[in-house]
Amino acid sequence: MATDGSDPIPPHKTFDTILVLDFGSQYSHLITRRLRELNVYCEMLPCTQKLVELGWNPKGVILSGGPYSVYWDDAPHVDPAVFDLDVPILGICYGLQEIAWHFGKNVLAGEKREYGHAYLKVDRHGDGEAGGHVDKLFAGLEDDMEVWMSHGDKLSHLPDDFITVATTSNAPFAGMAHKTKKYYGIQFHPEVTHTPQGKVVLKNFAVDICQAQTNWTMDKFVDQEIERIRKLVGDKGQVIGAVSGGVDSTVAAKLMKEAIGDRFHAVLVDNGVLRLDEAKQVKETLTAGLGINLTVIDASDRFLGRLKGVTDDPEKKRKIIGNTFIEVFQETAKKIAEDARGSDKAGDIEWLLQGTLYPDVIESISFKGPSATIKTHHNVGGLPKDMNLKLIEPLRELFKDEVRELGKNLGIPEDLVWRHPFPGPGIAIRILGEVTPEQVRIAREADAIFIEEIKAAGLYRQISQAFAALLPVKAVGVMGDKRVHDQVIALRAVETTDFMTADWFPFDGAFLKKVSRRIVNEVNGVCRVVYDITSKPPGTIEME
Ligand code: GLN
């Protein structure tokens, strides 16, 4: 996918690429993940993709699973031109049924649905009848393997010219292969971890059968991406982008710096609700450490002024902060553009950097059903269109862990590479009730102690997100023999892999005791500390 249609060298033109056509399975993106883990570059597009419009040649195609039944009138079908591409094809679950349907209309509802574990028996054919390629999918694997199934439909019989390459007790055609062409279908899901050898099956397909090179490495990506950015922006083009100190925006900014030096302008807006000393630290890391051309705008007063008196509605806080951010960013961009205009080395600022990641892209193009319209991609940063800037999104092909690896390659400090996510509205949504400078101080100090202790205990990377929140209530305590009526800090720490569901982290008692003692002793205005033991759902990770 090109950023704006003018992308000169997208990865699928330089790396051997496997195309995944998505029929809407909840696991489709995992196919892409697994292949990239094997250093094979892979892209996912909706199953409705017309192949004439593709504009590049995949080394192989994978048809994903999906919730439909191929025999339904409105079931989605792959562009039949896929069978004229002359590249190997692997169908997974719905994908297998789709291949069978294409060749023989031979799929029906099974009497027995099959969800969960199953034992697969591999059927090998030797070099005989089919010249050996049919055995390649399960090469190097045991004859019996554990697989994970999730289907209700089944093949009534094999289509012409296919042979069985695997069976289960319930699925006599759990694996099939074409006798002369490199077409394969499997009923199980190799992309999920419940199929322990699934990665070998995918590797056999991508590397041995499709002959895709295993050269998708971050080193190569960096070189190529820098080259691409230079071509895109030209000799004089200038780019502006907001940074937050988070891993995505820092990696994107560093990549821009490597590509075009000071013609990239990073802007950090201090909204007054960043973490303790954060603006200072980000400034140090980005300028002294990474050499990025950074402008820091301290707009704390403007933000805090507008947040004053907002006590009831958390959405209102978010809106105020979002709108004020846009306002400040636009003013700054205008000023930077004016300053830059005088110099003959650079042209106008035409580009806006955004740290969009591949999951956002997948989400925006993923296939939701025969009648569902495909959403156009909207961006997370929420910057206004009337700025008239073209988007540049150097991370849009990457998953989060790839961004981290890239960050390490670019010399970004470990600390920053592994930083927990931090919401745009900052600690304003961790201060329940009114956000005042005094509340900001308390929440910041408590949070800094909590995070410091988590790091000292070596738990930071195990925990996905942790913070201290300030509750809008007061409680009674006794401090130094005096009765106090002070505030309550709630600690929250969760573990999650995808941030969709999360569980609270089981700290041991000694750890919580230490954090509680430190916060009550060191943070003026706090007399109690509680730990939030709500999972998501029903809770959210943040408090507001
Ligand atoms: N809907 C099809 C079935 O039930 C395919 C399921 C899938 O791809 N997971 O067999």
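Hi everyone, let me start at Leu512, which touches Phe507 and Tyr531 once we leave out residues up to four places away in sequence. Please keep in mind that this is a predicted model. Leu512 belongs to helix 14, which runs over residues 509-522.

Now let's move to the ligand. Which residues surround the ligand? The shell consists of Gly65, Gly66, Pro67, Tyr68, Cys93, Tyr94, Gln97, Ser150, His151, Gly152, Asp153 and His189. By type, the residues of that shell are 4 nonpolar, 7 polar and 1 charged. Helix 3, residues 94-104, and strand 6, residues 144-155, each bring at least two residues to the shell. Strand 6 gives the most, with 4 residues.

Let me point out some atom pairs here. A polar backbone atom of Tyr68 sits 2.5 Å from a nitrogen atom of the ligand. For Tyr94, a polar backbone atom is 3.0 Å from an oxygen atom of the ligand. His189 takes part through its side chain, with a polar atom 3.4 Å from a ligand nitrogen. And how much of the ligand does the protein cover? On its own, the ligand has 300 Å² of accessible area, and the protein covers 88% of that.

Conventions
Residues numbered from 1 in each chain as written. Predicted model: local features only at pLDDT ≥ 70, side-chain atom pairs only at ≥ 80, totals over all residues. Heavy atoms only, no water. Near = heavy atom within 4 Å. Polar contact = N/O pair within 3.5 Å; in protein donor to acceptor, adjacent residues only side chain to side chain. Areas by Shrake-Rupley, 256 points an atom, 1.4 Å probe, with all protein chains shown as cover. Nonpolar A, V, L, I, M, F, W, Y, C, P; charged D, E, K, R; others polar. Contact = heavy atoms within 4.5 Å.
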